[in-house]
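Grab a pencil and have a look at the protein below. A few exercises follow, each with a worked solution.

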Amino acid sequence: MQSLMGETPKTALHRYEQESSMRYVTSFERLARQEGIEIGLLEKGRESLLEVLRIRFEDVPRELVETINQIKHDSILTMLHRQAITIASVEEFMVVVNQQLASGEQSAEDA
C-alpha cells in the first residue's frame, strides 16, 4: 500500500521518526553546556554584587573588584551579596570578603 507521496506506511513512519528525533548529545557536550551555565551564573552573581556595592558606596576599590571577579563559588557570592546590602562601609565589606575567602580556601584544602 502506497501513500500519496509514494511511500509505504513503514517508510513514512521511519522518515517521521528520523525527522522528529533529537540529536544525540555526548557527555562532553552536556558537561560543556553545564559549565557554560555555571560560568554564566557566576558572572551574573559577580555583576549583581558589584552593582550593590557601587550603588551603596559609589567608589569600589579596584582591588576589591578584582578579588570579587576571582570568586568561583556561587554560595560565597550569594552570601557576600547579602552582606553588601546591609554592611556599613566598603572597608568592613573588604574584611568580610577576606574572611570568607580564607575560610573557603581552608575548606577546599580539607576536601
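**Exercise 1.** Work out how the side chains of E66 and R62 meet, and where the two residues lie.

*Solution.* Keep in mind that this is a predicted model. Start with the atoms: the N to O distance between the side chains of E66 and R62 is 3.4 Å. A salt bridge needs such a pair within 4 Å, so this one qualifies. Next, find the pair on the chain: both residues lie in helix α3, 4 residues apart, which is about one turn of the helix. Finally, count: the structure holds 1 salt bridge.

**Exercise 2.** Decide for E66 and for R62: buried, partly exposed or exposed?

*Solution.* Exposed means over 50% relative accessible area, and buried means under 20%. R62 has 67%, so R62 counts as exposed. E66 has 44%, which falls in between, so E66 is partly exposed.

**Exercise 3.** Find out which elements give two or more residues to the largest nonpolar core.

*Solution.* Begin with the members: the core has 21 residues, and L49, L53, L64, I68, L80 and F93 touch the most other members. Then trace the elements: α2 (27-57), α3 (62-69), α4 (74-86) and α5 (90-110) each give two or more residues. The largest share, 6 residues, comes from α2. Now zoom in on L53: beyond its neighbours within four places in sequence, L53 is in contact with E58, V60, L64, I68, A84 and F93.

How values were computed. Residues are numbered from 1 along each chain as its sequence is written. This is a predicted model: local features need pLDDT of at least 70, side-chain atom pairs count only at pLDDT 80 or more; totals for chains, interfaces and linings use all residues. Side-chain values use heavy atoms; hydrogens and water are left out. A nonpolar core is a set of buried Ala, Val, Leu, Ile, Met, Phe, Trp, Tyr and Cys residues joined through side-chain atoms within 4.5 Å. Buried means under 20% relative accessible area, exposed over 50%, partly exposed in between (1.4 Å probe, protein chains only). Contact means heavy atoms within 4.5 Å.
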